[in-house]
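Q: Please take a close look at one part of this structure, and then go on from there to the rest.

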Amino acid sequence: MTLTPRFPRFLHGGDYNPDQWLKDPEILEEDIRLMKEAKVNCVSLGIFAWAQLEPEEGVYDFAWMDRVIGRLWEAGIRVDLATPSGARPAWLAQKYPEVLRVDEYFRRHHFGGRHNHCPSSPVFREKVRAIDTALAQRYAGHPAVILWHISNEFSGDCRCPLCQEKWRQFLRDRYGSLEALNDHWWTGFWSMRYTDWAQVESPSPIGQDANPAMWVDWRRFSTKQCGDFILMEKEALRSVDPSVPVTVNMMQRFWDYDYFDLAETVDVVSWDSYPLWGTDDLRAASEHAMTHDLMRSLKDRPFLLMESTPSLVNWHQVNKIKRPGMHLLSSMLPLAHGAQSVMYFQWRKGRGGAEMFHGAVVGHDGTDRTRTFRGVCEVGEALQKLAPLYDRPEREAKVCILFDYPNWWALDYAQMGRKGAMHYDETVNAYYRAFWEQGYAVDFRDSRRFDPESGYGIVVAPMLFMLRDGIEEKLRAFVRRGGTLVMTYCGGVISEDGLAFTGQVPHALTDVLGIRTEELDALCDGEANRMTWDGNTYALTELCELIHADTAEVLSAYEDDYTAGTPCLTRHAYGEGTAYYLAAQAEETFLHAFFRRLAEEKAIPRALDADLPKGVVAQKRGNAVFVQNYGGAAQEIALPGRFTDLLTGAAFDGKASVPARGVLVLTGNDD
Ligand code: GAL
């Protein structure tokens, strides 16, 4: 299951932009010397190099790239070769203004920036196809080239007349007729009824802005537009040589596109991870661990960490440098979750441009005498020591969290509860964090990819507002066969096309859960209700649902306000399994205790059978346990047996000390 068959190793390197240094030819030689010192074995090349590769329309200049790839190959460094479609050259925008994007106010953008193109424009597609084909013809057979990096961090959408036409076609394909569209979009509201396809425009703050179902469809359409563009580029590369896999670098959970769908267009999932270290590091780690597990889950395969910073970024509100130890620790985090690489943005700091002060492996001083450079060397060495784990990327998750993009969009567009603050993503992260901090492995599935027979013991469906792809039947089957299901407030309210279900909700699951929901109450920031469970009282905030326990057992009730005494947490036996309903947003200490109880009932193993101090987290990859200390002080931990640290060779028997911001990669001496 290697991601890069031409070079089946952990990749270490990052974005390399020698095209910005062509007037300093000696820089290339110095870079290669330094890369070897840092044990860099792969660079991502040419990501924004279109203007250098095609300085005039149809005139290609590959001489510099030939030289760079040739020298890298001689030095044993592989190349993740980019298509340059993330930013277009000025001549292209000047000659063909149609390639530029039109925004939600129907304004055509000017030349500049990146990701500023129209995915429908035939001219843009033709020019991208031409340069991609030329790149593939020249380099796909080069032994240094191990991966295609299509474009860069796709984002946004375009609303030009060409895209409007595609939007209407998308809706025709989805709904079949204008009549059906009117029905699904409930256009009787505010006299929105369409009588001619030409009346249908993209949603816009200065036009049709008030139809949640339309907005969700727009997000589906944006995902499709992006996916079509990726497939076009992939096809251009593949038609020359199908043997090199392709990837696109994704961004965190990225709300704009459905990453489950986009992942289907590529061979390898990769993403760019930029936590803000130096504040609440445990929280930052949990957020990024969640995305690592999401990325692994998208294809149920290992993934690549395509970008991270070796020191700081330049776009957080406050840009902190990494504290001692944090570079190695933060680089081991993705590995623990199935990554096959540690890559950076970027290799060498540019002298100008918006990112001239963004962290890079080599700074403006140009030397190896920096803390950042030494930290990168340390990671290079660690990856060599961990080489045996390359073939052991597996994570055996018995817990699955449903994370569903259309559901996320629907909640955010719904105009209910807490405006702009429904916090689906944060809520999913809180649930994930409760498992992650306690050493349980978690898979993510969306409604379409969830399979009730995958062997999970626990499935958590937070805020599953929209029921799509028959998920209600799948959840029912899961519980019937003995699974433990946890559903929460906002569950089962609207259908896949965005219409509210009539009748009792959670739709088609009231008999499984033994409850029905009646009203959703929203709390202001600072307000709280309470519930007591297992002897402890917990705060309930943000969203509290009024529910009725028809056949379910009430485990806990609200304690305040007029809802006092009504159910808040319920349990119901169904078939061989159990279905819980949590009617309110509960504080994290509850989630930790509650999920721990459920996991113990299902005998789900932790990465390490030991209770770790706060801030120390263990996660398992293959046969190795990554013990990570996100605190600022060393911690003593108890170990269930004898272990060896793959990073240092140290042996431990029954206990170990994990340094401040430190990491141990333990294998049991019996493994
Ligand atoms: C990424 C992007 C890189 C660079 C980096 C800076 O999102 O792909 O090109 O801009 O951020 O952190």
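**A strand pair and its surroundings**

A: Strand E24 (residues 635-645) pairs with strand E26 (residues 663-668) in the antiparallel sense, over three bridges; strands count as paired if DSSP finds at least two bridges between them. Helices (H or I, at least four residues) and strands (E, at least two) are DSSP runs numbered from the N terminus. The model is predicted, so local features need pLDDT of at least 70 and side-chain atom pairs pLDDT 80 or more, while totals for chains, interfaces and linings use all residues. Residues are numbered from 1 along each chain as its sequence is written, and side-chain values use heavy atoms, leaving out hydrogens and water.

Asp 645 stands opposite Leu 666 in E26. The pair belongs to an open sheet of five strands in the order E22-E23-E26-E24-E25, with antiparallel pairing. Strands E22 (616-621) and E25 (651-658) are the edges, each pairing on one side only. On average, neighbouring strands of the sheet are turned by 30 degrees against each other, direction ignored; the axes are lines fitted to C-alpha atoms, and angles run from 0 to 180 degrees between N-to-C directions.

Next, the nonpolar cores. Such a core is a set of buried Ala, Val, Leu, Ile, Met, Phe, Trp, Tyr and Cys residues joined through side-chain atoms within 4.5 Å; buried means under 20% relative accessible area with a 1.4 Å probe, protein chains only. The largest core has 197 residues, of which Trp 185, Met 250, Leu 475, Phe 590 and Phe 595 touch the most other members. Helix H8 (residues 212-238) gives the most to this core, 11 residues. A second, separate core has 15 residues, including Val 625, Phe 643, Ala 656 and Leu 664.

Beyond four places in sequence, Leu 475 is in contact with Leu 402, Phe 450, Val 459, Leu 464, Leu 485, Met 487 and Leu 509, contact meaning heavy atoms within 4.5 Å.

Ser 341, in strand E8 (residues 341-344), counts as buried because its relative accessibility is 0%. A polar atom of the Ser 341 side chain lies 2.8 Å from the backbone nitrogen of Leu 305. With neighbours within four places left aside, Ser 341 is in contact with Phe 10, Leu 11, Leu 304, Leu 305 and Leu 335.

Helix H10 (residues 281-299) has 16 of its 19 residues buried, so the rest of the structure largely encloses it. Just after H10, Asp 300 takes a positive phi of about 55 degrees.

Definitions and conventions: Buried < 20%, exposed > 50% of the residue type's maximum accessible area, 1.4 Å probe, protein only. Polar contact = N/O pair within 3.5 Å; in protein donor to acceptor, adjacent residues only side chain to side chain.
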